[in-house]
Structure formats: structure tokens, C-alpha cells
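Here are some exercises to work through with the sequence and the 3D view side by side. Try each task yourself before reading its solution.

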Amino acid sequence: MLTHTGRPAALRSAELVVQGLLRNGIGVRVLAEEAADLTLPPSVRTVEAGECAVDGCELLVVLGGDGTLLRGAEFARASGVPLLGVNLGRVGFLAEAERDDLDKVVRRVVDRSYEVEERMTIDVLVRTDGRIVHRDWALNEAAVEKAARERMLEVVMEIDGRPVSRFGCDGVVCATPTGSTAYAFSAGGPVVWPEVEALLMVPISAHALFTKPLITTPEAVLAVEVQPQTPNGVLWCDGRRTVELPAGARVEVRRGAVPVRLARLHHASFADRLVAKFALPVAGWRGAPH
């Protein structure tokens with residue numbers, strides 16, 4: 001179990017979930033760095049944070065907001081263990097349950113009453129002078145951004161080895177369908193259903209006429225070249241991991257070799273999830289004629 005220990009509500013929720021699981025004979029493991037903030041019985045095992053932290057587990061339950069869920073995705077991807085998110089934040093698009101659903105979450109985990117779906121990821125390479133200097137990955141997006149507020153970043157967007165457009169901008173977001181409702185959405189990109197296999201490229205505040213979001217096949221290789229005469233940029237992966245991009249750096253994005261597995265409790269359509277998460281107005285809908 002992974003918890004946003006900086007939120008009092010998350011601490012109480014975590015303790016309730018642990019108690020419910022233990023009562024039903026389910027073993028629980030938490031990170032050592034979080035255990036100190038939780039009131040837990042001695043039967044709860046603690047482990048150090050790392051790629052092997054959830055190896056051998058049946059499920060990773062995450063309690064928190066979007067940032068905590070993305071942190072959980074790092075552990076889930078490394079081990080192949082499904083992630084079940086309980087949203088204690090604002091939107092929580094990756095979450096499958098809300099704070100009021102804790103009893104139901106425990107029951108479904110105990111009964112193994114959930115389905116598992118795979119979400120596409122992206123693999124990210126950073127090159128300078130033709131050499132690979134950094135490797136990373138993301139579930140939502142890889143964002144190339146300007147490092148200095150006062151100056152735009154000059155970039156060239158490329159798809160499958162061919163240039164598409166050059167402009168000054170605040171950055172470019174390369175996203176998965178899962179990430180289409182995150183940073184890419186805020187930058188003006190389209191909402192893409194999770195079942196659609198595609199890659200997105202969304203300019204951020206570009207100073208040019210052609211700055212439309214682009215959607216490519218999942219086999220495409222996207223690239224953003226930071227121009228030599230521009231200030232340094234920065235690469236953010238899922239808003240969690242960052243690396244500096246010197247002038248002339250090149251960021252390449254392709255479909256990830258390892259997906260993230262999500263545990264699902266509901267069969268609700270993605271349209272219903274959109275309406276619920278964004279509180280979209282649907283009054284007046286009459287539905288299809290029968």
C-alpha cells in the first residue's frame with residue numbers, strides 16, 4: 001500500500017484499509033518511509049522504496065491524489081503488479097474509487113473482484129551530440145519545457161524522422177491516451193479514449209500559426225529538437241522526474257516496452273468517467289430513441 005502521508009485524511013484512510021485487509025487474512029506491505037506516519041499493527045511488513053518494493057504482491061493499493069498515483073505507477077510498472085487507486089485528491093483520473101468507497105475497496109480486494117487492464121506507456125531518450133545521455137519513461141507524458149520564464153524555447157517537432165514545424169514556445173507535450181486528460185489536456189490537446197492506441201504531440205503556448213495538436217499511430221517515433229541558439233530547456237516525465245536539456249538536445253519518444261497495469265472495479269464507460277471527473281454539464285440529455 002502506498003499513501004500520501006502528508007494528508008491527515010489519507011493517514012486515516014490507510015489505517016482503515018489495513019485493518020480491513022488484515023481482518024480478512026490479507027497480508028499488507030508498506031514503505032518504511034511511510035510506516036512512521038501510520039499507526040499500524042506489527043504484522044504489517046515494511047520495505048525500503050525501490051524497484052523491487054512490491055515484487056511478489058498481488059495488488060498495489062494507492063491512496064492519494066494524481067501525484068501519488070503516478071508515484072505508485074513507478075512501482076507497479078517495475079514489478080508488473082496491478083495498481084488500484086483510491087482518489088483523495090481533486091480529479092484522480094487514474095483512480096478507481098473515492099474516499100467514501102473504502103469498505104467496498106477492501107471487500108473487492110479480498111474477493112479478488114476486479115479486472116486488470118493495461119495502459120500504454122512511452123519510453124524517452126535524450127541525446128546530445130548524437131549520444132544518449134538519459135533514458136526515462138512515462139505513463140502520462142514527457143514534456144519538453146523552457147527553463148527560463150523570460151525567454152521562449154525554440155524547437156523543431158519531428159515525426160518518424162521528418163520535420164513537421166519549428167516555432168518558439170513554452171514547450172511541447174508528448175502524451176499517451178492516458179495522459180490526454182492530464183497536462184496535454186491543459187495545453188489544449190484532445191481527449192483520447194484509453195482504448196485508442198496513439199501518441200499525442202501538443203505544443204504549449206507556441207508563437208506560430210500551425211500549432212495544432214497532432215495524433216499519430218503508436219508505432220510512430222516523436223522527437224523534439226531544442227535549437228542550438230535557444231536557452232536551455234528541461235524535460236519532465238509525468239511531472240515527477242526531470243533532466244536539464246542543453247541547447248541542441250534532442251528528445252525522442254516512442255511507445256513504451258512495458259505497460260502499467262490498472263485494477264478496475266467498475267464497468268462505467270469512459271464518457272461517464274469524463275462527466276464525473278470534470279463535472280461536465282449534461283442536463284437535457286434524452287438519450288437515443290428506443
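Contact here means heavy atoms within 4.5 Å. This is a predicted model, in which local features need pLDDT of at least 70 and side-chain atom pairs count only at pLDDT 80 or more, while totals for chains, interfaces and linings use all residues. Residues are numbered from 1 along each chain as its sequence is written, and side-chain values use heavy atoms, with hydrogens and water left out.

**Exercise 1. The surroundings of Arg273**

Task: Find which residues Arg273 touches, not counting residues up to four places away in sequence, and work out how Arg273 pairs with Glu96.

Solution: 

Step 1. Start with the element. Arg273 belongs to helix α6, residues 270–278. Helices (H or I, at least four residues) and strands (E, at least two) are DSSP runs, numbered from the N terminus.

Step 2. List the neighbours. Leaving out residues up to four places away in sequence, Arg273 touches Phe93, Ala95, Glu96 and Arg264.

Step 3. Look for a polar contact, which is a pair of N or O atoms within 3.5 Å; within protein, one must be able to donate a hydrogen and the other to accept it, and residues adjacent in sequence count only if both atoms are side-chain atoms. The side chain of Arg273 reaches the backbone oxygen of Ala95 at 3.0 Å.

Step 4. Arg273 and Glu96 form one, with their closest N and O atoms 2.9 Å apart. This pair links distant parts of the chain: Arg273 is in helix α6 and Glu96 in the loop between β5 and β6 (97–98), 177 residues apart.

Step 5. Check the accessibility. Buried means under 20% relative accessible area, exposed over 50%, and partly exposed in between (1.4 Å probe, protein chains only). Arg273 has 18% relative accessibility, so it counts as buried. Glu96 is buried as well.

**Exercise 2. Strand β5 and its neighbour**

Task: Are the residues of strand β5 buried or exposed, and in which sense do β4 and β5 pair?

Solution: 

Step 1. Strand β5 spans residues 83–87, and five of its five residues are buried.

Step 2. Sort them by face. In a regular strand the side chains alternate between the two faces of the sheet. In β5, Leu83, Gly85 and Asn87 lie on one side and Leu84 and Val86 on the other, and all are buried.

Step 3. Two strands pair if DSSP finds at least two bridges between them. Strand β4 (residues 60–64) pairs with β5 in the parallel sense over five bridges, and Leu63 has Val86 as its bridge partner in β5.

**Exercise 3. A hairpin and positive phi values**

Task: Which residue in the turn between β8 and β9 has a positive phi, and where does Asp160 lie?

Solution: 

Step 1. Strands β8 (residues 122–128) and β9 (residues 131–138) pair in the antiparallel sense over seven bridges. Thr128 stands opposite Arg131 in β9.

Step 2. The two strands form a hairpin with two residues between them, and Asp129 in the turn has a positive phi of about 55°. Asp129 is exposed, with a relative accessible area of 76%.

Step 3. Asp160 also has a positive phi, about 50°, although it is not a glycine. Asp160 lies in the loop between β11 (153–159) and β12 (162–169), and is partly exposed at 48% relative accessible area.

Notes: Salt bridge = Lys/Arg side-chain N within 4 Å of Asp/Glu carboxyl O.
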